[in-house]
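Morning, everyone. I will take you through one structure, a few stops only. Please have the sequence and the 3D view open.

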Amino acid sequence: MRPRAPVALPYAVSACALLLVTASAGCGESAEGSSGALEVPPPVSTPAPAAPATPGAAAPTDAPADASAASPTAKAGVPDGRPLGRRGKWRITTYYTASQSLYRGKGKAVRGCLRFHCSHGKDPLGSYPEDFLKVVQTEGSGHLTSGRQRGRYLNWSSSVGFWLDDTTRDSAGRPLRAWTSAAADRSVLARGQRFAITGCGREGGGRPVEAEVCRRFREARWTVTDLFRPGYGGEYHADVYLGEEHGTRLADSPLYTTLKGATLTGVR
């Protein structure tokens, strides 16, 4: 998407990968119990380089005993032992796609764009539960499960408002991939960098990370498809996409969390 038009276009990245519109620390459950939104920047001519390897650094060993067990989130690729940024200093937030079927709030009509390449549209897009719309504006996208637009996605960005689409999208216009797509601190990671979370640190609030939660995050292989705008998102911050809600609200899941003091390792 960015290579085609470096102007204000819909970026279906979570509110965590979008311009900070509140004074919060990002998506997920931060230590302060707040949530917020960041905005992916316009395209840059030269990606920020990845941080150089730290000589002699080794991957952390805080994996739970069952970390090697098979998991649907496991991806091809082996951590290469090269730490990215500073070991034990990363903050990992999470975002997801809301499912309209899980929300029962009062209906509210919204206006926006009926197509992808559009900004600040005024077309009627339908009426949706207010609690669903609130999540869409926080996480960046929602799957419509009823009404005339059933099967499509209602996406939102602070720079362009609401728009209807056939998929969620990263800032390049590609569909987001569950347990794969990520946004990250551009001063440390370049777009296209693959990484694994090899150390979970602790959850927001200082609580230990549940063993199963840590296992899921460690087994995933993430690719940086979006970069935080300089000055937003925070140094050593990655925002990872969990996918779409199914059956229960992801906001109530232990997977929707913030990992503090995490370690990232490059993947070959």
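**A strand, some rings and some charges**

Start at T97, whose bridge partner in strand β12 is E244. Before going further, one caution: this is a predicted model. Keep that in mind throughout.

So what pairs with β2, the strand of residues 90-99? Take β12 to begin with. This strand covers residues 237-244. β2 and β12 run parallel, and six bridges hold the pairing.

Next, β13, residues 259-267. Here the direction is antiparallel, with three bridges to β2. Look at W90 for an example: the partner of W90 in β13 is A262.

Then β5, residues 141-143. β5 runs parallel to β2, and two bridges join them. Find A98 on your screen; the partner of A98 in β5 is G142.

How many of the ten residues of β2 are buried? Ten of the ten. The strand is therefore largely enclosed by the rest of the structure.

One general point about strands. In a regular strand, side chains alternate between the two faces of the sheet.

**The whole chain**

Let me step back for a moment. The protein chain has 268 residues, and 54% of them count as buried. Two helices and 13 strands make up the list of elements.

Now contacts. Take those between residues at least 6 apart in sequence: 75% of them join residues at least 24 apart.

**Rings**

How many aromatic pairs does the count come to? Seven. A pair of rings is described by two things, the distance of the centres and the angle of the planes.

Here is one of the pairs: Y103 with F132, centres 5.7 Å apart, planes at 50 degrees. That makes a tilted pair. Where do the two residues sit? Y103 is in the loop between β2 and β3, and F132 is in helix α1, residues 130-139. They are 29 residues apart, so to speak of distant parts of the chain is what the pair links. Y103 is buried, and F132 is buried too. Y128 belongs here as well: Y103, Y128 and F132 form one aromatic cluster.

Another tilted pair is W179 with F217. Their ring centres lie 5.3 Å apart, and the planes are at 50 degrees. This pair also links distant parts of the chain, 38 residues apart. W179 lies in the loop between β7 and β8, while F217 is in helix α2. Buried or exposed, these two? W179 counts as buried at 7% relative accessibility. F217 is buried as well, with a relative accessible area of 0%.

One more ring before we leave the topic. R169 lies over the face of F116, 4.0 Å from the ring centre.

**Charges**

On to salt bridges. The whole structure has eight of them.

Stay in helix α2, which runs over residues 211-219. E212 and R215 meet in a salt bridge there, 2.4 Å from N to O. Why can they meet? They are three residues apart in the helix, which puts about one helical turn between them.

R215 has another partner, E219, with the closest N and O atoms 3.3 Å apart. These two are four residues apart in α2, again about one turn of the helix. Shared partners join E212, R215 and E219 into one network.

How covered is each member? E212 is partly exposed, at 39% relative accessible area. R215 is buried, at 9%. E219 is also buried.

Last stop: D80 and R82. They form a salt bridge, and the closest N and O atoms are 3.6 Å apart. D80 is partly exposed, with a relative accessible area of 29%. R82 is partly exposed too, at 25%.

To recap: ten of the ten residues of β2 are buried, and E212, R215 and E219 share one salt-bridge network. Thank you. Questions, please.

How values were computed: Residues numbered from 1 in each chain as written. Predicted model: local features only at pLDDT ≥ 70, side-chain atom pairs only at ≥ 80, totals over all residues. Heavy atoms only, no water. Salt bridge = Lys/Arg side-chain N within 4 Å of Asp/Glu carboxyl O. Buried < 20%, exposed > 50% of the residue type's maximum accessible area, 1.4 Å probe, protein only. Phe/Tyr/Trp six-rings, centres within 6.5 Å; stacked < 30°, edge-to-face > 60°. Lys NZ or Arg CZ within 6 Å of the ring centre and 35° of its normal. Pairing = 2+ DSSP bridges. Contact = heavy atoms within 4.5 Å.
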